[in-house]
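Hello,

Here is the structure I promised to send over. My notes on it follow below.

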Amino acid sequence: MKKVKIIKNVFWMVLFVLSLTACSTFFDKDNTPAPSPLVDFITEAHVHSLWYTSTSAGSTGESLRLTPAISGNSIFTASSNGVVAANDLATGKSLWKINTGGDISGGVSAADGQVYVGTRDGDLFALDQTNGKILWKTHSSSEILAAPAATDSIVLAKSIDGCITAFSTIDGHLLWKSQQTEPSLILRGSSAPQLTRSSAVVGFENGDLLKFGLRHGDIQWQKSIAEPQGIFAVQRMIDMDANPVIHGNRVYAATYQGRIAALDLSSGNEIWSHDMSSYTGMATDGSKVYVSDAESHISTFNAANGTLLWQQNKLYARVITGPALIHGYLVVGDAEGYLHWMNTQNGRFVARVRVNKSGMAASPIVNNDILYVYTKDGHLAAYTVQ
């Protein structure tokens with residue numbers, strides 16, 4: 001297992017570059033495409049900055065999607081240097097900061113008065129939402145790159161070796177675990193478990209999507225979203241790094257170098273699918289499914305039957321985040337720190353703002369008609385739109 005982990009850590013940057021290029025050999029010079037220039041458009045939406053503040057050090061140069069979490073009146077962020085911070089949702093004022101002492105590698109989750117983060121060493125921390133006090137610490141099987149998922153009694157941690165582990169939220173003791181066989185070469189990223197009622201939907205780097213019973217970890221169904229293609233290991237990567245999205249009785253899942261598919265949540269039966277490569281994220285409003293792909297194109301599908309409705313291709317190679325929905329607009333961030341706002345009906349640009357130069361890896365999140373953005377250098381910003 002240690003050998004697998006070393007391979008993943010050494011090759012993740014190479015694999016990321018390859019995912020954006022058509023290089024035929026490892027020894028070619030860097031042919032990573034230049035980001036598309038910003039296009040002119042008529043501003044139709046007015047974006048207002050509510051506040052902007054520094055919370056911590058962010059991902060400190062690593063390609064980590066350290067997505068924040070919101071609970072009550074607070075937003076929680078994490079940095080790869082081990083710092084977890086809480087800020088007031090309305091004002092951005094710092095409420096507390098604490099250094100866990102671990103190298104945080106996954107995003108944050110918050111539920112029932114507690115905050116959860118995972119580390120490079122496979123540790124899972126539970127902190128008190130009110131003051132940041134570490135309540136307990138437990139250990140998973142290997143590095144945790146995905147945000148944990150928690151109810152009032154169970155917290156799930158998905159580790160890079162394909163293990164999903166359930167711990168008690170009371171004291172972190174082990175409840176159950178399930179192991180999937182993962183390929184040795186993967187992108188350095190991981191989709192987070194998604195909770196629904198008494199079950200969890202989890203995507204793995206082998207291209208499979210599974211639904212587990214939360215109480216005992218029983219597998220309710222398992223569906224292969226994509227099958228490996230090609231001779232070389234790089235060609236056969238079908239990581240599920242974009243978080244599955246649950247809406248009603250459907251779940252949408254996408255893989256790198258594979259497909260996007262809509263499944264029946266109860267049975268796992270496929271409703272529709274398309275060939276697609278995505279590792280960043282998706283969003284849905286119930287009628288449409290919006291997907292950021294590996295080339296930084298945005299595709300929008302009819303949620304009912306999978307018909308392609310529109311594409312926005314003018315962000316090519318800008319390394320965009322997954323999308324967020326707010327007030328009838330679609331928003332993505334990019335590696336240069338811009339937020340791009342689009343009309344959900346046709347993909348037309350309606351606004352653009354720059355948060356800062358460090359850029360974004362984590363997708364924006366929306367709460368009570370406010371968009372929150374966490375930058376790579378640890379800044380947190382809040383916006384409204386009219």
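Leu 195 touches Ala 149, Ala 150, Thr 151, Leu 156, Ala 200, Leu 214 and Ile 246, leaving aside neighbours within four places in sequence. Contact here means heavy atoms within 4.5 Å. This is a predicted model: local features need pLDDT of at least 70, side-chain atom pairs count only at pLDDT 80 or more, and totals for chains, interfaces and linings use all residues. Residues are numbered from 1 along each chain as its sequence is written, and side-chain values use heavy atoms, with hydrogens and water left out.

Leu 195 lies in strand E14 (residues 194-196). Helices (H or I, at least four residues) and strands (E, at least two) are DSSP runs, numbered from the N terminus. Leu 195 counts as partly exposed because its relative accessibility is 31%. The cut-offs: buried is under 20% relative accessible area, exposed is over 50%, and partly exposed is in between (1.4 Å probe, protein chains only).

E10 and strand E11 (residues 154-158) pair in the antiparallel sense over two bridges. Two strands pair if DSSP finds at least two bridges between them. Both strands belong to an open, antiparallel sheet of four, ordered E10-E11-E12-E13. Its edge strands are E10 (149-150) and E13 (174-179), each pairing on one side only.

Another open sheet of four strands has the order E1-E32-E31-E30, again with antiparallel pairing. Here E1 (47-54) and E30 (365-367) are the edges, each pairing on one side only. Four bridges join E31 to E32. Within that pairing, Tyr 374 has Leu 380 of E32 as its bridge partner.

Now the cores. The largest nonpolar core has 25 residues. Such a core is a set of buried Ala, Val, Leu, Ile, Met, Phe, Trp, Tyr and Cys residues joined through side-chain atoms within 4.5 Å. Val 84, Val 108, Val 117, Leu 127 and Tyr 372 have the most contacts inside it. Strands E3 (74-78), E4 (83-88), E7 (114-118), E8 (123-128), E31 (370-374) and E32 (379-385) each supply at least two of its residues. Apart from it lies another core, of 17 residues, including Val 350, Ala 351, Met 360 and Ala 381.

Next, the rings. There are nine aromatic pairs. Rings of Phe, Tyr and Trp (its six-membered ring) pair if their centres lie within 6.5 Å; planes under 30 degrees apart count as stacked, over 60 as edge-to-face and the rest as tilted. Phe 41 and Phe 349 form a tilted pair, 5.8 Å centre to centre with 35° between the planes. Phe 41 sits in the loop between helix H1 (2-19) and E1, and Phe 349 in strand E29 (residues 349-354), 308 residues apart. Phe 41 is partly exposed at 26%, whereas Phe 349 is buried at 6%.

Tyr 252 and Trp 272 are also tilted: 6.2 Å between centres, 45° between planes. Tyr 252 is in strand E19 (residues 250-254) and Trp 272 in strand E21 (residues 270-276), so the pair ties together parts 20 residues apart in sequence. Tyr 252 is buried at 3%. Trp 272 is buried at 5%.

Best wishes
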